Amino acid sequence: MNGKRCVGTAAVAAAAVIAVSGPAGAEPAATTYGTSTSVGVHNAYDKEKYRYFADALDSGAALLELDLWSNGLGRSWRVSHSNPLGNNSNCEAAANASELRTKKRDQDFAGCLADMKAWHDAHPGHRPILLKVEMKDGFNAKGGRGPAEFDALVRQKLGDAVYGPGDLTGGHATADEAVRAGGWPSRADLAGKFLFELIPGTVEEKNPFDKLWTDVEYAGHLKDLAAQGKL
């Protein structure tokens, strides 16, 4: 693991957490998020793995991975493993829980977030769920798909279901300082929340013209927000 990956991942994992599923009573009160481990699912949006993204949320896994494409060949954040032009996902953009497992799949990132909100509303106090987001080709700030736009979309769809950087940092100077001082919250305190971690994508890592990988770019975004008092 190189220096950039270490710094970026620490900043994002310690700052951009959005909590998720499972009844609060299922989490031992003394178990903190930082001292526990849990099961994760690679490419949870894959229709061969789960017919619907709601099935992934129902699975009990505490980490679900999404692959996003942001290049200029499309207008949205596409969800797909290998198609940079369109969506290939089990997300359906449900407006509420009654629509889960009823609509057309192959929706974009906004559709996945909509499914998460519909599922969240039907499962108050669910276990904290970490969304590991691989930005396959990195951010595309010039195309309107940069860190700020990512944040805005997540907040628009999930609202206070997100445990974000400001929640973790509190009155401390940095997220790292906050964790060193008080540690992560208990899993019980994170019940009903989603957390997010953003990582560089396989295409981005092989792009010789991309000198600013996802984790470092997002960490810089958080640093700028902190300096403005807007974390």
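Reader: Is α3 mostly covered or mostly open, and how many of its residues are buried?

Author: This is a predicted model. Buried here means under 20% relative accessible area. By that cut-off α3 is mostly covered, and the count of buried residues is 11 of 14.

Reader: Which elements do those buried residues pack against?

Author: The buried set includes Phe109, Cys112, Met116 and Trp119. The buried residues of α3 pack against α2, β2, β3, β4, α4 and β5.

Reader: How far does α3 reach from its first C-alpha to its last?

Author: α3 has 14 residues. At 1.5 Å a residue, the expected span is 20 Å. The model comes close to that, with a reach of 20 Å.

Reader: What does a side-chain oxygen of Asp108 reach at the start of α3?

Author: The distance is within 3.2 Å.

Reader: Which residues touch the most other members of the largest nonpolar core?

Author: That core has 41 residues. Those that touch the most other members are Phe53, Leu64, Phe109, Phe150 and Phe196.

Reader: Which element gives the most to this core?

Author: Elements that give two or more residues include α2, β2, α4 and α8. With seven residues, the one that gives the most is α3.

Terms used:
Residues are numbered from 1 along each chain as its sequence is written. This is a predicted model: local features need pLDDT of at least 70, side-chain atom pairs count only at pLDDT 80 or more; totals for chains, interfaces and linings use all residues. Side-chain values use heavy atoms; hydrogens and water are left out. A nonpolar core is a set of buried Ala, Val, Leu, Ile, Met, Phe, Trp, Tyr and Cys residues joined through side-chain atoms within 4.5 Å. Buried means under 20% relative accessible area, exposed over 50%, partly exposed in between (1.4 Å probe, protein chains only). Helices (H or I, at least four residues) and strands (E, at least two) are DSSP runs, numbered from the N terminus. The expected span of a helix is 1.5 Å times one less than its number of residues. Contact means heavy atoms within 4.5 Å. A polar contact is a pair of N or O atoms within 3.5 Å; within protein, one must be able to donate a hydrogen and the other to accept it, and residues adjacent in sequence count only if both atoms are side-chain atoms.
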